[in-house]
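Colleague: I am new to this one. Could you show it to me, then take my questions one by one?

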Amino acid sequence: MMKVVLVLLFAACAHGCGTPTHEPAVSRVVNGEDARPYSWPWQISLQYLSGSTYRHTCGGTLLAPNWVMTAGHCIGPRTYRVVLGEYDLTKETGDEQIRAVERIIVHPRWDDNCLSCGNDVAMIKLASPVVLNDKVQPSCVPESGEILPHNYPCYITGWGRLYSGGPLPPSSSRLFFLWSATASAAAAAGGGATVKTTMICGGGDIRSGCHGDSGGPLNCRGSDGKWYVQGVTSFVSSRGCNTLMKPTVFTRTSSFTQWISDTMLQY
């Protein structure tokens, strides 16, 4: 019976996923270009309460009307909310959907003291489902174990700074090419950190994620034309953002597809 339920869950989540109403301008995207508004409708802003105001801390990905995926290292002893339908964090358009958080489930093997050990993923259950429309839609989740080839083009999105210390821009999208998880890529990624098979390396040609991008999606278009969240932004080189030959390391979503499904079923 559990297998039947599992299949039905993925069928429901997969229906209509990864097909934005506002098509991303991916053919013209370069490092640090503002994204076309609402062209990545699964991108969320994870915000924490500071005094009487909420501040952006990480990105994330809408997977279902009441479920968001982010990075484990984004989660701490804070009060959080999730904002969807957002483009420019400095402006309100009336299209935003703000949701309180009902529950946060961090992967059980995530270790706060060992970022390079992997398992940097968490699921957030929203207190109430979002309303799906042309500005808020879920991304697709890759099949378990799927591995994309070397040099596959993908896009990282979010409100991360474009360089260390720079201001948060409107939602931006940056073209990344995936690295094979080889020893050379591992050494390049984190100053000698070991890249696990549960990770993906991307970028490295003076292009990386930066502060504020953590937890956000690595968006890759599948052969079916749909967009899949193939990675969760995890960490960059200790030498800083946009360091030559120092790619960003992502949690490989396909290594956790079963855990994602089990979490959504259990809670």
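Colleague: Where does N151 lie?
Modeller: Elements here are DSSP runs numbered from the N terminus: helices are H or I, at least four residues, and strands are E, at least two. On that numbering, N151 lies in the loop between β7 and β8.

Colleague: What kind of model is this?
Modeller: Residues count from 1 along each chain as its sequence is written, and side-chain values use heavy atoms, leaving out hydrogens and water. Local features need pLDDT of at least 70, side-chain atom pairs count only at pLDDT 80 or more, and totals for chains, interfaces and linings use all residues; this is a predicted model.

Colleague: What is the phi of N151?
Modeller: Most residues other than glycine have a negative phi. N151 is not a glycine, yet its phi is positive, at about 70°.

Colleague: What is the relative accessible area of N151?
Modeller: Buried means under 20% relative accessible area, exposed over 50%, and partly exposed in between, using a 1.4 Å probe and protein chains only. N151 falls in the partly exposed class, at 48%.

Colleague: Is Y38 buried or exposed?
Modeller: Y38 sits in the loop between β1 and β2 (43-50). Its phi is also positive, near 65°. The relative accessible area of Y38 is 15%, so this residue is buried.

Colleague: Which residue lies over the face of Y38?
Modeller: A charge sits over a ring if NZ of Lys or CZ of Arg is within 6 Å of the ring centre and within 35 degrees of the ring normal. Another example is Y48, whose ring has the charged end of R78 over it, 3.8 Å from the centre. Over Y38, at 5.2 Å from the ring centre, lies K135.

Colleague: How many salt bridges does the structure hold?
Modeller: Such a bridge needs a side-chain nitrogen of Lys or Arg within 4 Å of a carboxyl oxygen of Asp or Glu. By that rule, the number is 3.

Colleague: How many residues apart in sequence are the parts tied together by R221 and E23?
Modeller: These two form a salt bridge, with the closest N and O atoms 2.3 Å apart. R221 lies in strand β11 (residues 217-221) and E23 in the loop between α1 (2-14) and β1 (33-34), so the parts they join are separated in sequence by 198 residues.

Colleague: Is K125 buried or exposed?
Modeller: K125 pairs with E102 in a salt bridge, the closest N and O atoms being 3.6 Å apart. E102 is in strand β6 (residues 97-106) and K125 in strand β7 (residues 122-126), 23 residues apart. E102 is partly exposed at 46%. K125, at 14%, is buried.

Colleague: Which residue forms a salt bridge with K135?
Modeller: K135 itself is buried, with a relative accessible area of 16%. The closest N and O atoms are 3.2 Å apart, and the partner is D134.

Colleague: How many aromatic pairs does a search of the whole structure find?
Modeller: Rings of Phe, Tyr and Trp (its six-membered ring) pair if their centres lie within 6.5 Å; planes under 30 degrees apart are stacked, over 60 edge-to-face, and the rest tilted. The total found is 5.

Colleague: What kind of pair do the rings of W40 and W42 make?
Modeller: Their centres are 6.2 Å apart. Their planes stand at 75°, so the pair is edge-to-face.

Colleague: What is the relative accessibility of W42?
Modeller: W40 is buried, with a relative accessible area of 6%. W42 counts as buried too, at 0%.

Colleague: How many residues apart are Y155 and W227?
Modeller: Their rings form an edge-to-face pair, 6.0 Å centre to centre with 75° between the planes. Y155 is in strand β8 (residues 153-158) and W227 in strand β12 (residues 227-235), so this pair links parts of the chain separated by 72 residues.

Colleague: Which residues do ring pairs link into a cluster?
Modeller: Y155 is buried at 9%, and W227 is buried at 2%. Both belong to the cluster, whose members are W40, W42, Y155 and W227.
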